[in-house]
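Please read the points below beside the sequence and the model, which are shown first.

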Amino acid sequence: MPELPEVETSRRGIEPHLKNRTITGIKVRQHKLRWPIPKNLPALVCNKKIRQVGRRAKYINLQLDNGNIIIHLGMSGSLRICRKDTPAEKHDHIDFVMSNQKVLRLRDPRKFGCVLWTDKPLDEHKLIKSLGPEPLGDDFDTDYLYNRTRKRSCSIKSLIMNSHIVVGVGNIYASESLFKAGINPKRKAGSISKARIEKLVDAIKQTLSDAIRQGGTTLRDFTSESGKPGYFAQELQVYGRAGEPCPVCGNPVKQITQQQRSTYYCSKCQR
Ligand SMILES: [Zn+2]
């Protein structure tokens, strides 16, 4: 599933081909994604210029003068830029044709992604307005997370994966960040000192920035005609390494289940 770093990498990959270009047409081959593609989308966006290619959480938005196209990649979606005459393949559901004869193409085999429209500011959209801050933004800092953890008895792992607290900390990144910060994923959120919360905030920012940096080098070609932008396998310290020696102390990495998701951690290094 594309996580925040992959979505940000996609955004950076497509932006230079779209910004300040005019959308000249839309070709919809499959209307039924997670939600139906709005029937009036072509009328709303054709002959409009893309002012910005933004991202909020895992939503990419193409900002036009009259509103925003919102794109989510769901479980299996990917975006690429190709020439207008490149034949579409089976799961290529929608093309945005640009004034430079290029096409932004959404491929989504499992069809859990979406393409939506809003004429309001992006932050007022119902899917977005209740989301927590961006993990790499200045609003997500020690004071913020410390205050949000107080009196919370849920595990710290489930708290940082809650998109109302902070967006984009997926299962892999939660395990990796808690390892970096030396915090046991089962620990009650409200019992963690401010100094350790500071470490955790730094670890989350570092883990996600590293993933984006790595994505930028792995997924460098968004215009490849073969067009299979794979998601990148990051170098992970504990995630998926049950039984292997902890890279810090050598103790075997443990695997447990929390909220039906696998957690990996070192019981010696993480308290
Ligand atoms: Zn260890």
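1. In this note Ala, Val, Leu, Ile, Met, Phe, Trp, Tyr, Cys and Pro count as nonpolar, Asp, Glu, Lys and Arg as charged, and the others, Gly among them, as polar. By that division, the lining of the largest pocket holds 15 nonpolar, 6 polar and 4 charged residues.

2. The model is predicted, with local features needing pLDDT of at least 70 and side-chain atom pairs pLDDT 80 or more, whereas totals for chains, interfaces and linings use all residues. Residues are numbered from 1 along each chain as its sequence is written, and side-chain values use heavy atoms, without hydrogens and water.

3. Of the 25 residues that line the largest pocket, Met 1, Glu 3, Lys 58, His 72 and Ser 163 lie nearest its centre. A pocket here is an open set of points, on a 1 Å grid over the protein atoms alone, where a 1.4 Å probe fits, with protein on both sides within 12 Å along at least five of seven lines; lining residues have an atom within 4 Å of a point.

4. An open sheet is formed by 5 strands in the order β2-β1-β7-β8-β6, with antiparallel pairing (strands are DSSP runs of E, at least two residues, numbered from the N terminus; two of them pair if DSSP finds at least two bridges between them). Because β2 (48-49) and β6 (78-83) stand at the edges with a single partner strand each, one side of each is left without a neighbour in the sheet.

5. Strand β1 (residues 22-28) pairs with β2 over 2 bridges in the antiparallel sense, and Ile 23 stands opposite Lys 48 in β2.

How values were computed
Helix = DSSP H or I, 4+ residues; strand = E, 2+ residues; numbered from the N terminus.
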